[in-house]
Amino acid sequence: MSSFAGRMKEYPTVSVDRFDRENLHARAYFLSHCHKDHMKGLKGPLLKRKLQFSRTVRLYCSFVTRELLLSNSKYAFWEDYTVSLGRRRLLQPAATVCCWLQSATEDVVVTLLPAGHCPGSVMFLFEGSQGNVLYTGDFRLAHGDVSRMEHLHSGSRVKDIQSVYLDSTFYDPRFYQIPTREVCLSGISELVGSWISQSRHHVVWLNCKAAYGYEYLFTNLGEEFSTQIHVNSLTMFRKMPEILSYVTTDRRTQIHACRHPKDDEFLQGNRLPCGGSAPDGTPLRIISIKPSTMWFGERTRKTSVIIKTGSSSYRACFSFHSSYSEIKDFLLYLQPVNIHPSVIPIGRSLAEVTQMLKLMCRKQSDQPASVYRPLGVLKRSRVQPPTYGTSKPLDILYNVNQEVNQPPLDC
DNA sequence: GCGATCAGCT
DNA sequence: CACAGCTGATCGC
């Protein structure tokens, strides 16, 4: 859970992912993704009043995050005060008074980069007089992904990053490796396929938590098995055809991700949380699959990404956050001057994490031009457009969607 | 009656 | 295998 207080040292007049307390005075707001622990204060009456009196204060986020936000009635009042950004946007003082530094306004260029955490999730790159600052929000990026992000480069070189505000959820050697998205997905596919192919009464219940981030599972399984996944509601995906085509409120499907407050009891009674049953009265054969984070040490042998936990229940590896080695790869590539953790892993202290992160920072004697690069990344210094394996739906869900979005405003 | 916070649960 | 968020109790305004 994020404990970031909302403000960055370099650009203290903007607030990111926090909207209470001192953040009530911000001149611009940013939301990296639509998870509640990054939305504290966002439905506050004080903030609402401030907006109604201001012509310039706005909330900036991706198109998908804006849609998810507005689909929740508690946040619908943001309709007139939100701006969904393309990949780059110049925040001009005349329009937004984004930054107020040393008695003068200045322009800050904000770039949205895909974060791979949930639909609409982005990282924000702020470029202005106080240096380049990368706020990661929450992210799941694989090894090498950062080296392929065009906007983190200038020509063939990585930009000089002053500070990174980091999703350090798994920044602990204990979480050294987490199987890749592709490996997890194929393990789940295999299990689902082997079950639902047995008969039309064999169904799978995906025991997903109440949060965005499982959608790529639905789209990939839907695609692979030419079906749709039963969910409680479709309204939040109204303007996201690439998700909408793989989910349904029709209970007559073999893959479910529906929920009920007492879904445990339903399962004990061999019923789905939606109450669905076969039309001819034949009892359903249900298995449950619970996506959970699984991790492995640096040298521990990886075991299966699927674990059987009962006669008809399984856990399947799934992570919204980058592993320790993925975070290390990310930081060693960027070599920022400073790193600020936004999460303290369970059982660690702020001092410990800060100390460990210092090892990932650029040495003060190093010039940005002669930054140390670990051997493992030398071979991918060539800048390429972002790609995320071969999984097309993943690309659509986890990139800032430029087609559906406002046209990008390049500066 | 509303919001903030916490325990408990998953 | 520890993320994200719900429900319900309690407290204060």
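Which side chain is joined to that of serine 32 by a polar contact of 2.7 Å? The partner is aspartate 17, where a polar contact is a pair of N or O atoms within 3.5 Å; within protein, one atom must be able to donate a hydrogen and the other to accept it, and residues adjacent in sequence count only if both atoms are side-chain atoms. The model is a predicted one, in which local features need pLDDT of at least 70 and side-chain atom pairs count only at pLDDT 80 or more, while totals for chains, interfaces and linings use all residues. Residues are numbered from 1 along each chain as its sequence is written, chains are lettered from A and ligands numbered from 1 in the order in which they are written, and side-chain values use heavy atoms, with hydrogens and water left out.

The overall picture of chain A comes first. Its secondary structure amounts to 10 helices and 21 strands, taken as DSSP runs (H or I of at least four residues for helices, E of at least two for strands) and numbered from the N terminus. Of the 411 residues in chain A, 57% are buried; here buried means under 20% relative accessible area, exposed means over 50%, and partly exposed lies in between (1.4 Å probe, protein chains only). The chain exposes about 18,900 Å², of which carbon and sulfur atoms supply 51%, with areas from the Shrake-Rupley method and a 1.4 Å probe; for residues, only the protein chains shown count as cover. Among contacts between residues at least 6 apart in sequence, 68% join residues at least 24 apart, a contact being heavy atoms within 4.5 Å.

Serine 32 itself sits in the loop between β2 (28-30) and α1 (45-53). It counts as buried because its relative accessibility is 0%. Leaving aside residues up to four places away in sequence, serine 32 touches Asp17, His38, Thr65, Gly120, Ser121, Val122, Phe124, Tyr135 and Gly137. Arginine 18 belongs to another loop, the one between β1 (14-16) and β2. Arginine 18 counts as buried because its relative accessibility is 13%. In space, arginine 18 and methionine 39 are 6.0 Å apart, C-alpha to C-alpha, although 21 residues separate them in sequence.

Attention now turns to a sheet. Seen in order, the 7 strands of this open sheet run β16-β15-β17-β14-β18-β20-β19, and their pairing is mixed. At the edges lie β16 (247-248) and β19 (306-310), each of which pairs on one side only. Two strands are taken to pair if DSSP finds at least two bridges between them. Strand β14 (residues 202-206) is mostly covered, with 5 of its 5 residues buried. In a regular strand, side chains alternate between the two faces of the sheet. From β14, His202, Val204 and Leu206 point one way and Val203 and Trp205 the other.

On one pairing, β14 joins β18 in the parallel sense over 5 bridges, and histidine 202 stands opposite arginine 285 of β18. On another, β14 joins β17 (residues 255-256), also in the parallel sense, over 2 bridges; tryptophan 205 has histidine 256 of β17 as its bridge partner. Strand β18 (residues 285-292) in turn pairs with β20 (residues 313-317) in the parallel sense over 5 bridges, and serine 288 faces serine 313 of β20.

Helix α8 (residues 324-334) is mostly covered as well, since 10 of its 11 residues are buried; among them are Tyr324, Ile327, Phe330 and Leu334. Around DNA strand C are 18 residues, the closest being Met1, Lys36, Ala210, Trp295 and Arg315. Of the atoms of DNA strand C that come within 4 Å of the protein, sugar and phosphate account for 61%. A residue is near the strand if one of its heavy atoms lies within 4 Å of it. The residues of this surface divide into 7 nonpolar, 5 polar and 6 charged, where Ala, Val, Leu, Ile, Met, Phe, Trp, Tyr, Cys and Pro count as nonpolar, Asp, Glu, Lys and Arg as charged, and the others, Gly among them, as polar. A backbone N or O atom of lysine 36 lies 2.8 Å from a phosphate oxygen of DNA strand C, and a side-chain N or O atom of histidine 117 is 3.1 Å from a phosphate oxygen. Lysine 209 places a polar side-chain atom 2.8 Å from a base nitrogen of DNA strand C.
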